[in-house]
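This report goes through one protein model for a reader who is new to it. Please look over the sequence and the structure before reading on.

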Amino acid sequence: MIKVGFIGLGHNCIGHIEAHLRVGKSEITAICDRNPERLEYVSKRFGIDRAYLSADEICEQSDIEAISIHTGDHHHVEPFVSAVKNGKHIFVEKPLGNTFEQVETMIKSANNADPNLKIAVGYILRFNPVFEIVYKLCRSGDLGQIFYMEGDYIHNLLYQANQTDTYTGVNWYLEYEKPLVGGGSHPLDLLRWFSGSQVVEAVGYSNKMGFPAMKEDDCQVALFKFESGAIAKVTASYAPRSGMASYYNLRIYGTKGTVERDQVAISKDEADIHPEFKPIEADRISGHPYDKEVEDWLDSIRDNRKPRCDLFDGANSTIATIIAVDAIKVGKPLPVPIYKS
């Protein structure tokens, strides 16, 4: 059993703790949060006796082998660097960071650490059964050469205006959230994963009409150029007066086939230019597949292999959206750095 400590005890962390209990391959050893009331609540709910207010303190515990980080996006860097320094395997929620400087700091700290540490970034859509099949279709060549892709994070999050942290007095979503980074990096990560190609340039537009309480523009649209020559469009909007876009409005266009959300059409031959769309043969699930994500990370530690979305893979999905937001602000295309292990 891998001994795991958890930092940042919000709803996402609760979902992961529950997944660890279901998977049964880890021991929940300790928890950490700067809010004493939250710490006490989670301690009592799950019967976890060891509780810490400081990330450094929990990371310095010699019996803890792995750290799972679920703080707000802009607070990932401190516990991450502490966990790396103390030789812990790490799961860190997406996005990896909220700024270029944060991502750079985290990459540099990992580059100077034990190369055997297993670091996973929580791009959980890679574990959705439908998207797993799309990945296989793309990588097998069934869709041919991928030339255009789309994915959106169009999600009504207006309720977040009422979620001021009672401990800090700060509403993180209103003050710091960048929709393309916090939300849009989900579909972009899928597009990178499907294509097997890196983003090299980003440009975009935005407005603040639907959710003006946010400091950042709440509707952000970006175009991404890939090394392969493919082009992708990602929209992140936090104020639609509707539910979540089905399957993230996913669209993959290749020279032999097309994916639209959870449907696929593949040409039998060159003459078959209008193939029929058919449902992708995979389970349809509701909610996030936390169990599969948690098990992949734990198995990567046990089996000494890379997790499905390792540090550098997750960093490349994060940094592309950060640069896209920067490109929107300066009004011109910007090059995107590529991180390699």
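At roughly what angle do the axes of helix H6 and helix H9 cross? The axes of H6 (residues 129–140) and H9 cross at roughly 35° and come within 8 Å. Axes here are lines fitted to C-alpha atoms, for helices over the stretch in contact, with angles from 0 to 180 degrees between N-to-C directions. Helices (H or I, at least four residues) and strands (E, at least two) are DSSP runs numbered from the N terminus.

The model is predicted: local features need pLDDT of at least 70, side-chain atom pairs count only at pLDDT 80 or more, and totals for chains, interfaces and linings use all residues. Residues are numbered from 1 along each chain as its sequence is written, and side-chain values use heavy atoms, with hydrogens and water left out.

In the contact between the two helices (heavy atoms within 4.5 Å), H6 contributes residues including Phe 131, Tyr 135 and Arg 139, and H9 contributes residues including Leu 190, Trp 193 and Phe 194.

**The sheet**

Nine strands form an open sheet of mixed pairing, in the order S14-S13-S12-S11-S7-S10-S9-S8-S15. Strands S14 (278–279) and S15 (334–335) stand at the edges with a single partner strand each, so one side of each has no neighbour in the sheet. Two strands pair if DSSP finds at least two bridges between them. Strands S7 (residues 146–154) and S10 (residues 231–237) run parallel and are joined by seven bridges. Asp 152 has Thr 235 in S10 as its bridge partner.

| Helix | Strands crossed | Angle |

Ser 237 is part of strand S10. Ser 237 counts as buried because its relative accessibility is 12%, where buried means under 20% relative accessible area with a 1.4 Å probe and protein chains only. Leaving out residues up to four places away in sequence, Ser 237 touches Tyr 153, Ile 154, His 155, Asp 218 and Cys 219.

**Contacts by type**

The residues of the H6 and H9 contact divide into seven nonpolar, one polar and three charged. Ala, Val, Leu, Ile, Met, Phe, Trp, Tyr, Cys and Pro count as nonpolar, Asp, Glu, Lys and Arg as charged, and the others, Gly among them, as polar.

Key
Buried means under 20% relative accessible area, exposed over 50%, partly exposed in between (1.4 Å probe, protein chains only).
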